[in-house]
Amino acid sequence: MSARPSPTRVITAGAGFLADALAAQSGTVSRVDWRPPPAELAEPLATVMADPRRAEANAIAIDRVLASTAQLVDVAPAREVLRLENGAFLHAGPPIEWARASGPLRGALIGAMLFEGLAGTPEQAERQLAAGTRIMLDSCHHHGAVGPMAGVVSPSMWLLVLEDPTDGRRAYCSLNEGLGKVLRYGAYARPVIERLDWMSTVLGPTLRDAIRQQGALDITAITAQMVQMGDEGHNRNRAGTLMVLRDLLPAIAEVGRSAADVAAVARFIGGNDHFFLNLVMPACKLAMDAGRDVPGSTVVIAMARNGTDVGIQVSGTGDRWFTAPAPVPEGLYLGSYGPADANPDIGDSSITETAGLGGFAMAAAPAIVQFVGGTVADAFTATQQMYEITLAEHPRYQIPVLDFRGTPVGIDVTRVVRTGILPQINTGMAGRVAGTGQVGAGLVRPPLDCFRGALYGLAERAPAISFS
Amino acid sequence: MPRHAGAGHVEVRQGVYRDSVALMQASRTIAAAPGVSGAMIAMATELNLDLIEDLGFERPAGAGPNDMVVAVAAADPAALDHALSLVETALTARAPGRDSGGAGTGPAAAQAPRTVSAAARDHPEAELALISVPGPHAFTEAMDALESGLSAVVFSDNVPVELEIRLKDEAAHRGLLVMGPDCGTAHVGGLGLGFANAVRPGPVGIVAASGTGAQQLMCLLDAAGVGISQCLGVGGRDLSAAVGARATRQALRRLDEDPATQLIAVVSKPPDLRVAQRLQEEGSELATPVTFGLLEPGAPDLTRFTEQLLRRLGVAVPAWPFWAPGRGRPARPGALRGLYGGGTLAAEAHALATDALGPVASDDLGATGHLVVDFGADQFTVGRAHPMLDPALRNQRLAADLADPTVGVILLDVVLGYGAHPDPAGELAAVLAVRPHDPPAIVTALVGTQADPQDMDGQAKKLTDAGAYAFGSHAQAVGHAIQLLQAAR
């Protein structure tokens, strides 16, 4: 405010009569549609808002997130790059034990046991997993990795290795298997395991050789382009997949594989619109990890679901997970499946929303809203709503129909609690029963309780305030 | 998986393409038709053909990913025929809720912002926010305003003093100003914020740690033909020992830099003496002359302070507005009751009445004898609107005091202006109309200007018609009430 401000515009929040009074004086008024957050959250909210570290901490965290870029630098087995031993399995979402694991996660773990040759039958695998001897379960996020849906990674699975060229940090994700009856949706029938075998004997090594031959592939650049081509990077990765196939195919053809293998690899990638999802996810993981551990920052660094719980991690609260029961997504079902068949929300793929893609970039991919019988206007509404709860607009991921406005990025716990607006996540739906596979796709929002918990966690670490 | 014990139909439409999402929606529509046990309309990919097998159908031969397959299972042939008749419509149906491209469908369809920062992002030219959310939430919104580069008028009260200090320090750090919390009135850039009288522009810049105090000052200046440059409210606690005049210091600097301000007036509820002293020393170092109207014991009341200002500006002091009721009322002995919406006016009444009458209770609704109540105090506004807008609490007390034979005079403030009740005199008159045979005398201070939207003369007439005295000067109103009591003794 200058020493002598001119009567431009007053932003009002609260009592309507005071805004009316300004309008009655011919003032220009912008009214905030303010709604009270839950009364019991007023004090922790004020405590966090008063934290003198917060504004600067958020600026630092956001700068780091936005500065991060990702390159595909290698493809390698999890045993090598994550040093996973036999019997070690990573999974999506916050940590969970077998006893509380949902059907699709159990199904994927059973499949991984079969794939690793640790069990001869699904029943045997299940018994061993339940007993837990010589079994290690841990969250992908704890190992710099992310996994879609069940997100199960076992030592023999090949991983895409992404690196941030500025600081050499790495993030990992498995190779996408396609849609339908696949391990990540909890299916473990013979064709599922056979596909995994082919992926680890043909697809993985071929991609490794190709990427080593042609050098690092700039995933951030492809992601920026795909957002302008109608992909939102979570449920729609068609343009991204085709661009990565375009960029890799010459090298794939040159690394000395048989024509049949080259054709199979090209057909597999080109026939799976979600191949690029497993490149977007670790790119987002790299970006968000860059913003970790800034004391006082209220930026959400991870949102992930294990099929039982949804968990979030926040920059200012370290590795602590704030969890709440996972809801069932709303959407459209394949075939005769219905809501009773769907498992609660599952997967690390919500790292895309955390990084400003997926549901946050819905306006760039209006086709996605039809998953819930919505309209194109709903796509714009979803993205515009997300600007309310985020701290920045992504300088690289721009939405043409919004005049190239950057996608909303950097979920702020305080804004979620203040507005009650929950992050919009586009997602697939897994069958509730182990072995079923995909039953549909739709939209979901994480529970407010995750953010409520995070708010209390941030308030505990902020200077105390006297409310007397 | 349902098995079609009844009727089933599967058909391949070669070379027909629909978007997978449209197909999923069509499938859902058909599956919901009466008697249908399963339906799938999809491109014939391997995956979809597997699913069609799961529905209990033979896998159609020769179908490939560029063909569309329609599979419906129903309880009987009639249900099947009906369902199939819906397929074409379902395939061409548009999503529900879509309108014909009018407002609200395009990318520009705007939603009202839900936070101050979201509004600021939409309007980068804005410089000022007015926060009037309930007290427990006010700090959060005000902090959001500051972080968005906006100065803030915080009308809300019930904000902890520690958070008030935090806000004011943040504002100073950012070169912004926080007016409040509990800022009743402000004038910035020609706009009145909060409870604001329509006053003329002029040379006096006001810093106000007092809402109704500042309104009284501005209205009296206006009556004398003198206008204001700006009125920067700082909240009633700014000159307390804890807050230490943090906002007043900022506001003084701004007014000193404002070429339209020739004389600065600081009005405050009773300040901390050391804070006031330090502030007066600092004020004397500014280029613009500063006068202090600090409502401490022994200091001039607001009317006398205004008169001093006028003399300093070389303006003649006028006779302050006064409206007498048509029929003179005989005074009766008894207690003084001051029932106020304005905190500073209540404090002034308390100070003047104590000097003349001896002990006067304050804000104690159970007190007998002389009593002044500020219905705008924090304890009376938790969860309810300010009495200048919602006079119900005061009206209730007024009705009781009217019927109380121990009450001699009732003193009331009637505050006009933007944001205030549209007809405060009418509200009071309705309560006064039901008073008993031998009522106490009613004296009002009518704080307003000729330009206020309520029509000051019309408001005065309603008061005098109800038998009340009305004074433009609050100090004169209190003086008249005391005179009436003393005459009746």
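**Dimensions, interface and strands**

A: In this predicted model, chain B has a radius of gyration of 35 Å, whereas a compact globule of 489 residues would have one near 23 Å.

Q: What box do the C-alpha atoms of chain B fill?
A: Taken along the principal axes, the box is roughly 110 × 60 × 35 Å.

Q: And how many helices and strands are in chain B?
A: Chain B comprises 16 helices and 19 strands. Of its 489 residues, 53% are buried.

Q: Turning to the interface, how many residues of chain B are in contact with chain A?
A: There are 77 such residues in chain B, and they contact 64 residues of chain A. Helix α5 of chain B (residues 135–147) supplies the largest share of that side, with 7 residues.

Q: How does that side of chain B divide into nonpolar, polar and charged residues?
A: The division is 44 nonpolar, 18 polar and 15 charged.

Q: Now the open sheet in chain A: what is the strand order?
A: The order is β12-β11-β10-β14, with antiparallel pairing among the 4 strands.

Q: Why is one side of β12 and of β14 left without a neighbour?
A: Each stands at an edge of the sheet and has a single partner strand, so one side remains without a neighbour there.

Q: And how many bridges pair β10 with β11 of chain A?
A: They pair over 5 bridges, and Ala304(A) stands opposite Gly311(A).

Notes:
Residues are numbered from 1 along each chain as its sequence is written. Chains are lettered from A and ligands numbered from 1 in the order in which they are written. This is a predicted model: local features need pLDDT of at least 70, side-chain atom pairs count only at pLDDT 80 or more; totals for chains, interfaces and linings use all residues. Two residues are in contact if their C-beta atoms, placed from the backbone, lie within 7 Å. Helices (H or I, at least four residues) and strands (E, at least two) are DSSP runs, numbered from the N terminus. Ala, Val, Leu, Ile, Met, Phe, Trp, Tyr, Cys and Pro count as nonpolar, Asp, Glu, Lys and Arg as charged, and the others, Gly among them, as polar. Two strands pair if DSSP finds at least two bridges between them. The radius of gyration is taken over C-alpha atoms; the globule rule is 2.2 Å times the number of residues to the power 0.38. A residue is buried if 20 or more other C-beta atoms lie within 10 Å of its own, exposed if 12 or fewer, and partly exposed in between; C-beta atoms are placed from the backbone.
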